[in-house]
Amino acid sequence: REPTTNHPRPSAPQERDPIRGMDSFAAFEETLLRAKQKECDLVLLGGDLFHDNKPSRRTLHNTLDLLRKHVMSHDPVGFRILSDQRQAFANRWGRVNYEDPFYSV
């Protein structure tokens, strides 16, 4: 277990700071790298991912780049959802995202 309170969510003033503007992304990437090194099955992010309810385009792109780089892969998922996914994931797909054939998580 590696608990952390780090999120890739700089507020608007911090994002424009030339010195600290990328700090939260560097810390988030370090967390993802550690999870990969320790061969974690799951990285649980509790709470909100972004500080603002409408993050900047830069924040969205940086976050998605980090997730693609460190999370998306063709490695098998090491656990299964046993509950009725149509109830647990009442979205338009009705299943957990890692079972979607168009996703590689």
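These notebook entries record what I looked up in a predicted model of one protein chain.

**Entry 1. Ground rules**

I number residues from 1 along each chain as its sequence is written, and I leave out hydrogens and water, using heavy atoms for side-chain values. Since the model is predicted, I require pLDDT of at least 70 for local features and pLDDT 80 or more for side-chain atom pairs, whereas totals for chains, interfaces and linings use all residues.

**Entry 2. Confidence and overall make-up**

I began with pLDDT, the predictor's confidence in each residue, from 0 to 100. The mean for the protein chain is 78, and 84% of its residues reach 70 or more.

I took helices (H or I, at least four residues) and strands (E, at least two) as DSSP runs, numbered from the N terminus. The protein chain has four helices and zero strands, in the order α-α-α-α from the N terminus on.

For burial I used relative accessible area: buried is under 20%, exposed over 50%, and partly exposed in between (1.4 Å probe, protein chains only). Of the 105 residues of the protein chain, 22% count as buried. Accessible areas come from the Shrake-Rupley method with a 1.4 Å probe; for residues, only the protein chains shown count as cover. The chain exposes about 8400 Å², of which carbon and sulfur atoms supply 52%.

I then looked at contacts (heavy atoms within 4.5 Å). Among those in the protein chain with a separation of 6 or more, 62% join residues 24 or more positions apart.

**Entry 3. Salt bridges**

Side chains of opposite charge can pair when their charged atoms come close. I counted a salt bridge where a side-chain nitrogen of Lys or Arg lies within 4 Å of a carboxyl oxygen of Asp or Glu. My search of the whole structure gave two salt bridges.

One joins Lys69 to Glu29, with the closest N and O atoms 3.0 Å apart. This pair links distant parts of the chain, for Lys69 is in helix H3 and Glu29 in helix H2 (residues 23–37), 40 residues apart. I classed Lys69 as exposed because its relative accessibility is 52%.

Another joins Asp84 to Arg86, where the closest N and O atoms are 3.3 Å apart. Asp84 is partly exposed at 32% relative accessibility, while Arg86 is exposed at 64%.

**Entry 4. Leu60**

I placed Leu60 in helix H3 (residues 57–70). Its relative accessibility of 34% makes it partly exposed. Leaving aside neighbours within four places in sequence, I found Leu60 in contact with Phe50 and Pro55.

**Entry 5. Gln85**

I placed Gln85 in helix H4 (residues 85–88). It counts as buried because its relative accessibility is 12%. Not counting residues up to four places away in sequence, Gln85 touches Ala90, Gly94, Arg95, Val96 and Glu99.

**Entry 6. A nonpolar surface patch**

Patches are made of residues with over 30% relative accessible area and no salt bridge; like charges are joined within 9 Å, and nonpolar side chains (Val, Leu, Ile, Met, Phe, Trp, Tyr) within 5 Å. I noted a nonpolar patch of about 400 Å² made by Leu42, Leu44, Val77 and Phe79. Of its members I looked up Leu44, which is in the loop between H2 and H3. Leu44 is exposed, with a relative accessible area of 76%.
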